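Keep the viewer open as you read.

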Amino acid sequence: MLPKGLLRVLLGITNVLFFIAGGTALGVGVWYSMDKLFIADIIGTDLFSAASYLFVFCGACIVILAFVGCAATVFESKKMLILYLFLVILILIVFLSAAIIAAVFQGELTSSLVSRMQTTMKNSYGNQVNSNEENRRITEAWNFAQKTLRCCAVNDNGYGIYRETQWYRDQVGQAIDLSQVNFIPISCCVYLEHRQKYQNADLCQRNPYGPPNNPDPNSSKNDHMYYEGCLTAAKNFGEENAGVILAIGFGFSIVFIAGIVLSILLLRQMSEFDPVSTKVI
C-alpha cells in the first residue's frame, strides 16, 4: 500500500486538477450563457439556457469540491474525506447518467429540435419585429446563426420554408412584382470574410433561374447561397470538435476515478494509523 504521505500528495494533485476542471466548466458555462444564447432563441426552448446554467452550477460545485478535498487532506479529517468521497461519486454518477441519456435519446432530441426550429421560423421570423421584442430577438438569432454557421433555414435544401414566414408575406404584399421579392434573407448568402462583403446578394436572394426562386433542390445550383441547413451545420460543428469533447470527458472521468480511489486508500490509512481518532475539524 502507498505511504500515507504520498497518498496525501497525490490527492492534493487530484484536487488541483478538480479545481482546473471546475474552473473550465464554470468558464464555459458563463461564456455560453452570455454569448451563445441565440441558439435558445432559434430552437424555441430554454433547454440550452438551462444546460449553460447547469455548467455554471456544476463548475462551481467542482471548485468547492476541490477545496473540501484539500481541507480534508491537510487536516486529515475523516468526516470531511467521507463527505468528499460521497460528493465525487455523486458527481461522477450525474455525469455518466447525462451522457447515457443524451446517447439514448439522441434521435428523439434531433426530431424535437427540427420541429421547434421550424416553429420559431414560421411563427416569429420577421413578424412585427419593430413592435414585438421576442420576434425581433428570434429573427436576429436566426440571422446570426445562419451567417456564423454558414447555413440556411433548418434542413438541408430547406430554404423554401421562408415562403411560410411573415417576413416573406410582407415582401410580397409590398412588392410591385415578384422580381423585387427576396426569397431568402441575406444571412443565407455566402459571405466572404476576407473581403468583408457578400459574394453576390442579388443573385443569392432573387436568382430567376433556380434557387431560391425555385424551391426544387434539383434545379440549377445557386453558388451564392448556403444550401446546408443550420441543424446539419450545428451537428457538423459538434462532430468536428468531438475529439476535444471526448478527450475532456475522458480526462474528467480519470480525475474523478482517481479522486475516489485515492480517497478510499487514504481513509484506510487513516483508520489503520488512528482508528480511534476523535479529532474535530
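What follows starts with the disulfides and then moves to the helices. Bear in mind that this is a predicted model.

How many disulfides does the structure hold? There are three. Number the bonded cysteines in sequence order and the pairing reads 1-6, 2-3, 4-5.

Take Cys151 and Cys230, whose sulfurs sit 2.1 Å from each other. The torsion about that S-S bond is 85 degrees, making the link right-handed. Cys151 is in the loop between α6 (133-149) and α7 (166-174), while Cys230 belongs to helix α9 (residues 230-240), so this bond ties together parts that are 79 residues apart in sequence. Cys151 counts as buried because its relative accessibility is 0%, below the 20% cut-off. Cys230, at 3%, is buried as well.

Next comes the pair Cys152 and Cys188, with an S to S distance of 2.2 Å. This link is right-handed too, with 85 degrees about the S-S bond. It connects distant parts of the chain: Cys152 is in the loop between α6 and α7, and Cys188 is in the loop between α7 and β1 (191-192), 36 residues apart. Cys152 is buried at 1% relative accessibility, and Cys188 is buried at 0%.

That leaves Cys189 and Cys204, joined at 2.0 Å. Which hand does this disulfide have? Its torsion is about -95 degrees, so the disulfide is left-handed. Cys189 lies in the loop between α7 and β1 and Cys204 in helix α8 (residues 201-206), so the bond ties together parts that are 15 residues apart in sequence. Both Cys189 and Cys204 are buried.

Cys61 is partly exposed at 28% relative accessibility, and Cys70 is partly exposed at 30%.

Now for the surface. Leu6, Val9, Ile13, Val16, Leu17, Phe19, Ile20 and Phe67 make a nonpolar patch of about 740 Å². Helix α1 (residues 4-35) is the biggest contributor, giving seven residues. Leu6 sits in helix α1 and counts as partly exposed, with a relative accessibility of 38%.

Finally, have a look at Thr73 in helix α3 (residues 47-75). Is Thr73 buried or exposed? With a relative accessible area of 6%, Thr73 is buried. Its side chain reaches the backbone oxygen of Gly69 at 2.8 Å. Leaving aside residues up to four places away in sequence, Thr73 touches Arg8, Leu11 and Asn15.

Key: Residues numbered from 1 in each chain as written. Predicted model: local features only at pLDDT ≥ 70, side-chain atom pairs only at ≥ 80, totals over all residues. Heavy atoms only, no water. Helix = DSSP H or I, 4+ residues; strand = E, 2+ residues; numbered from the N terminus. Buried < 20%, exposed > 50% of the residue type's maximum accessible area, 1.4 Å probe, protein only. Polar contact = N/O pair within 3.5 Å; in protein donor to acceptor, adjacent residues only side chain to side chain. Contact = heavy atoms within 4.5 Å. Patch = residues over 30% accessible without salt bridge, like charges linked within 9 Å, V, L, I, M, F, W, Y side chains within 5 Å. Areas by Shrake-Rupley, 256 points an atom, 1.4 Å probe, with all protein chains shown as cover. Salt bridge = Lys/Arg side-chain N within 4 Å of Asp/Glu carboxyl O. Disulfide = S-S within 2.5 Å.
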